[in-house]
Amino acid sequence: MSTEFYNPEEAYSRSEIEALQLERLKATVSHCMNSGFYKARFDSIGLRPQDIRTLDDLNRIPFTTKQDLRDTYPFGIASVPLKDCTRLHSSSGTTGNPTVILHTKKDLEQWANAVARCLWMVGCRPEDVFQNTSGYGMFTGGLGFQYGAEKLGMLTVPAAAGNTLRQLKFFKDFRTTVVHAIPSYAARLYEVMCEQGIDPRRDLALRTLVIGAEPHSEDTRRRIEEMLGVKAYNSFGMSEMCGPGVAFECKEQNGLHIWEDYYIVEIVDPQTLEPVPDGEVGELVLTTINREAMPLLRYRTRDLTRILPGECACGRHHKRLDRMKGRSDDMIILKGVNIFPIQIEQILMQFQELATDYLITLQTLDDNDGMTVEVELSERFFNDDYAALQRLEKEITRQLRDEILITPKVRLVPFGSIPKAEGKAVRVKDLRKQY
């Protein structure tokens with residue numbers, strides 16, 4: 001096995017991947033008959049585990065949704081007794097029951113292995129120092145990366161979220177080489193470095209950044225790389241699938257390899273639920289095929305992406321997902337137009353005069369709904385020429401109108417003036433009147 005691969009399965013051919021998927025899918029469907037939820041669902045449509053003979057038979061299985069998890073809260077989808085479970089994670093549950101996912105000891109070992117595989121793929125090695133700026137606890141980004149980094153053998157710094165000055169002290173004192181942070185916090189780290197007179201290239205040992213959890217554009221990634229002097233790799237995970245480690249970029253930075261020995265991936269039209277061709281954007285649907293406590297069959301993630309056609313130059317044959325475009329339930333509908341925040345970010349990040357933080361506000365004025373886009377000026381861009389700033393606002397407005405087909409109001413604000421949120425950045429405030 002090449003030293004570029006952490007596990008033999010990474011080098012599997014398409015035929016080997018699909019043979020393993022079918023074997024694991026059959027076993028998973030049989031195992032799901034231990035779940036009262038899935039047994040009742042299969043019985044209601046007259047489907048038996050032995051009816052799953054090929055991978056194409058997957059589409060005979062009904063979708064599982066987040067609402068199913070909430071309706072069966074807390075343990076109604078489990079396929080093993082609670083006594084066999086070692087840990088649970090859950091979502092915040094701010095809009096109803098949280099979604100709870102159970103893990104056996106084997107599930108946790110497999111999860112750690114998947115994260116270790118991801119980190120190895122981007123060049124992390126046991127001699128690295130890994131600092132995790134994610135929150136720990138119910139949020140999977142903390143413990144997920146912690147156990148994966150430990151399995152790979154790195155010295156780990158469980159710094160957790162916030163306290164940026166302490167994060168920077170750890171960077172310097174521990175000679176941190178690998179950092180996990182959400183994109184908005186990576187930009188915040190750089191802001192504070194500038195305030196403290198820290199040059200990341202001169203004063204720190206950082207070389208690898210793992211980013212995820214927030215949809216972000218390619219221009220945002222490149223800006224972060226330039227600011228921090230690192231290579232930044234995109235990560236995708238969700239608590240329902242385990243957490244981080246579902247899909248990850250390789251060194252080619254051209255799509256996220258989804259580990260098909262752990263998951264079967266489908267892309268469907270979010271309205272018709274019919275499959276779409278490779279290369280076309282749709283909703284990501286995932287089936288777990290390597291989990292004991294709580295397998296999920298055809299889980300609708302609500303994330304919008306596409307399968308990138310063709311092979312990757314890294315030599316892996318696992319399918320690649322494009323970066324997430326957003327969520328089908330995060331779409332803004334304004335004046336009959338469907339808009340995703342990532343579309344706005346892609347335009348903003350093309351302007352070197354702008355920083356990375358922005359806020360989209362939707363408001364009703366005189367019974368008309370409108371959009372205001374506030375965006376910070378770059379700290380390195382100082383211009384008290386009012387006419388020049390007006391021209392910049394006008395050009396940003398023009399490009400946004402061409403992209404999203406409505407005309408927003410654009411406001412350029414001083415660097416650092418948009419409030420920073422704990423955790424994921426708040427990009428949209430919807431203050432519209434509800435009729």
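In this predicted model, Thr361 stands opposite Lys429 of strand β21. Strand β21 is joined by 3 bridges to β18 (residues 354-365), and the two strands run parallel.

- The open sheet consists of 4 strands in the order β20-β19-β18-β21, with mixed pairing.
- Its edges are β20 (409-413) and β21 (428-430); each has a single partner strand, so one side of each is left without a neighbour in the sheet.
- On average, and with direction ignored, neighbouring strands of this sheet are turned by 15° against each other.
- In general terms, the strands of a sheet pair through backbone hydrogen bonds, in either a parallel or an antiparallel manner.

**Helices on the sheet**

- Helix α10 (residues 341-348) packs on the sheet and touches β18, β19 (368-377) and β21.
- The direction of α10 makes about 135° with that of β18.
- Helix α11 (residues 386-404) also packs on the sheet, where it touches β18, β19 and β20.
- The direction of α11 makes about 135° with that of β20.

**Contact of α4 with α5**

- Two packed helices are described by the angle between their axes and by the distance between the axes.
- For helix α4 (residues 105-121) and helix α5 (residues 140-152), the axes come within 7 Å and cross at roughly 70°.
- On the α4 side, the contact involves Trp111, Ala112, Asn113, Val115, Ala116, Leu119 and Trp120.
- These residues meet Thr140, Gly144, Phe145, Tyr147, Gly148, Ala149, Lys151 and Leu152 in α5.
- By residue class, the contact of α4 with α5 comprises 10 nonpolar, 4 polar and 1 charged.

- Arg316 lies in the loop between β13 (307-308) and β14 (320-321).
- Arg316 counts as buried because its relative accessibility is 4%, and the cut-off for buried is under 20%.
- The side chain of Arg316 reaches the backbone oxygen of Glu4 at 2.8 Å.
- The side chains of Arg316 and Glu10 are joined by a polar contact of 2.9 Å.
- With neighbours within four places in sequence left aside, Arg316 is in contact with Glu4, Phe5, Glu10, Met121, Cys250, His257, Trp259 and Glu311.

Terms used. Residues numbered from 1 in each chain as written. Predicted model: local features only at pLDDT ≥ 70, side-chain atom pairs only at ≥ 80, totals over all residues. Heavy atoms only, no water. Axes fitted to C-alpha atoms, helices over the stretch in contact; angles between N-to-C directions. Contact = heavy atoms within 4.5 Å. Nonpolar A, V, L, I, M, F, W, Y, C, P; charged D, E, K, R; others polar. Buried < 20%, exposed > 50% of the residue type's maximum accessible area, 1.4 Å probe, protein only. Polar contact = N/O pair within 3.5 Å; in protein donor to acceptor, adjacent residues only side chain to side chain. Pairing = 2+ DSSP bridges.
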